[in-house]
Amino acid sequence: GYCSGTVLPTLKIYGDAGIPLIIVAANSTKLVDGNPGNAFMTNSTGDMQATTAVELFKKNGYKKIAVVDEGDAYSSDLAKLTSEAFAKDGGEVVAKETTTAGEQDYSAVVTKIKSSGADAVFWTAYHAGGALLTKQLRQAGFQGGIVLGDGNNSPEYLEIAGSAAEGVYLLSPPTVDLLSGAADFKARYKEAYGRDAGAYAALSNDAGNLIVDAITRAKSTDNKAIIEALAASDYKGLAGDIKFTDKHTLQTSNFRPVVAKDGKWVAAE
């Protein structure tokens, strides 16, 4: 499972069939509510990302933020969770906008953000729109902070945004570039596929190995036995430890803030 909007309708299908499902990247909390008991999320949930976002806002001194989503399951969930968490922590959401996927002209949104007095903008949708909004904000003279949800962890964001991306923050899943001990995996991946490992390569690798580990411990290929083994997982993966709550979500968050510097994502200090 990669994208929350497309994973949601499949939950019942896999659930009715009793098939174990690993959700690698999608993280909307709607997936938790709709889980029939066979699905496991190896990426942290949207509420954990919202907590990471608020921590970053506080660290950077943002007191007023503008939140922009695209109305889909992932971005609307993250926007709602972050807005609520920031307000609860004493911050103020001074603008809330919903755009359309594929939109090219964000001038109306940019005008509203600039007039709102926001210290920073939080874009919760995907990289194509995020890159264009970033460029148009900077072209319009917006000097505040720009923070992106994890769906923007793509080299294409950096390519499209260009120099406007410099200093932009991203809430990142555990990528191979930021993981100690991932050099060998990174090299083998490039040799096998002829391209660099993407943002969710480490999580995907762990998901496959987690299934093998569960089957081995279950000593069976019976679906129910595998689901029970997955629930009891204590697996040390490339991206981190995998232990599940009773809701089949990770016990600890794996999100971390990174910042764009010289055309690359680097760990935020």
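Start with the second largest pocket of this predicted model: select Thr 29, Val 32, Asp 33, Thr 45, Asp 47, Met 48, Thr 245, Lys 247, Thr 249, Leu 250 and Gln 251, which line the second largest pocket. The space inside the second largest pocket comes to about 150 Å³.

Next, colour the helices on this lining. Select 29–33 for α3 and 46–60 for α4; each of these elements supplies at least two residues of the lining of the second largest pocket. Of the contributing elements, α3 gives the most, with three residues. Now colour the lining of the second largest pocket by residue class: three residues are nonpolar, five are polar and three are charged.

Then move to the largest pocket. Its volume is about 480 Å³. The lining of the largest pocket holds 19 residues. To centre the view, select Pro 155, Asp 177, Asp 196, Ala 197 and Trp 265, the lining residues that lie nearest the centre of the largest pocket.

With that view held, select 155–161 for α8 and 264–267 for β11. Both α8 and β11 supply at least two residues of the lining of the largest pocket. Which element provides the largest share of this lining? That element is β11, with three residues.

Last, apply the class colouring to the lining of the largest pocket. Nine of its residues are nonpolar, six are polar and four are charged. For a side-by-side view, keep both linings selected: the second largest pocket has five polar residues in its lining, and the largest pocket has six.

Methods
Residues numbered from 1 in each chain as written. Predicted model: local features only at pLDDT ≥ 70, side-chain atom pairs only at ≥ 80, totals over all residues. Heavy atoms only, no water. 1 Å grid on protein atoms, 1.4 Å probe; cavity = no way out; pocket = protein on both sides within 12 Å on 5 of 7 lines; lining within 4 Å. Points joined across faces, edges and corners; volume = space filled by probe spheres on them. Helix = DSSP H or I, 4+ residues; strand = E, 2+ residues; numbered from the N terminus. Nonpolar A, V, L, I, M, F, W, Y, C, P; charged D, E, K, R; others polar.
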